[in-house]
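Take a look at the model below.

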Amino acid sequence: MMEQEEWAEEQQHFSYRQRLKAAVHYTVGCLCEEVALDKDMQFSKQTIAAISEVTFRQCENFAKDLEMFARHGKRSTINTEDVKLLARRSHSLLKYITEKNEDIAQLNLERKAKKKKKLEDENRSSVESAEAGVEESEN
């Protein structure tokens, strides 16, 4: 019974991995098509397959590295600092990630400020309506 469950889980993992590989292959194919049109050139199917395989393996390495960075920091969650550490060798990518991280942080601050202001306005109006109700009952 246990062997069957393990086999089923293994098959599910294999199926999931194959779907991921297919998605990467499709995306690489689309990108190669774009480049081919832009640069007036062509990519062979073997070249697209090779780029897809290398991309998939690199993504696996990235995932393992990110997991190790978080584990080294005694965390179970990967954060933006881990991603920045992963991108440290590519200055343009690191710059891009840093900028996006700052943009997201700024948006979060703005959202928090709006939420806080909305809560304050709601509290103020509920206090005012309560005060108005007290005044009416006194008259």
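The model is predicted.

**Helix 2.** This helix covers residues 45–72. At 1.5 Å a residue, its 28 residues should span 40 Å, and the end C-alpha atoms are 40 Å apart, so the two agree. Ile48, Ser52, Phe56, Leu66 and Ala70 of helix 2 are buried. Their cover includes helix 1 (2–39) and helix 3 (80–86). After helix 2 comes Lys74, with a positive phi near 55°.

Two packed helices are described by the angle between their axes and the distance between the axes. The table gives both for this pair, with the hand of the crossing.

| Feature of helix 1 and helix 2 | Value |
|---|---|
| Packing angle | about 125° |
| Distance between axes | 9 Å |
| Hand of crossing | right-handed |

Angles over 145 degrees count as roughly antiparallel and 65 to 115 as roughly perpendicular. At about 125°, helix 1 and helix 2 are therefore oblique to each other.

Helix 1 contributes Arg17, Leu20, Lys21, Val24, His25, Val28, Gly29 and Cys32 to the contact. Helix 2 meets them with Ile48, Ala49, Ile51, Ser52, Glu53, Thr55, Phe56 and Glu60. By class, this contact has 8 nonpolar, 4 polar and 4 charged residues. Ile48, Ser52 and Phe56 are among the residues in the contact, and these three are also buried.

**Lys116.** This residue lies in helix 4 (residues 91–138). Is Lys116 buried or exposed? Its relative accessibility is 54%, so Lys116 counts as exposed. Lys116 and Ser90 are 26 residues apart in sequence. In space, their C-alpha atoms are 39 Å apart.

Key
Residues are numbered from 1 along each chain as its sequence is written. This is a predicted model: local features need pLDDT of at least 70, side-chain atom pairs count only at pLDDT 80 or more; totals for chains, interfaces and linings use all residues. Side-chain values use heavy atoms; hydrogens and water are left out. Helices (H or I, at least four residues) and strands (E, at least two) are DSSP runs, numbered from the N terminus. The expected span of a helix is 1.5 Å times one less than its number of residues. Buried means under 20% relative accessible area, exposed over 50%, partly exposed in between (1.4 Å probe, protein chains only). Contact means heavy atoms within 4.5 Å. Axes are lines fitted to C-alpha atoms, for helices over the stretch in contact, and angles run from 0 to 180 degrees between N-to-C directions. Angles under 35 degrees count as roughly parallel, over 145 as roughly antiparallel, 65 to 115 as roughly perpendicular and the rest as oblique. A crossing is left-handed if the near helix is turned anticlockwise from the far one by less than a right angle, and right-handed if clockwise. Ala, Val, Leu, Ile, Met, Phe, Trp, Tyr, Cys and Pro count as nonpolar, Asp, Glu, Lys and Arg as charged, and the others, Gly among them, as polar.
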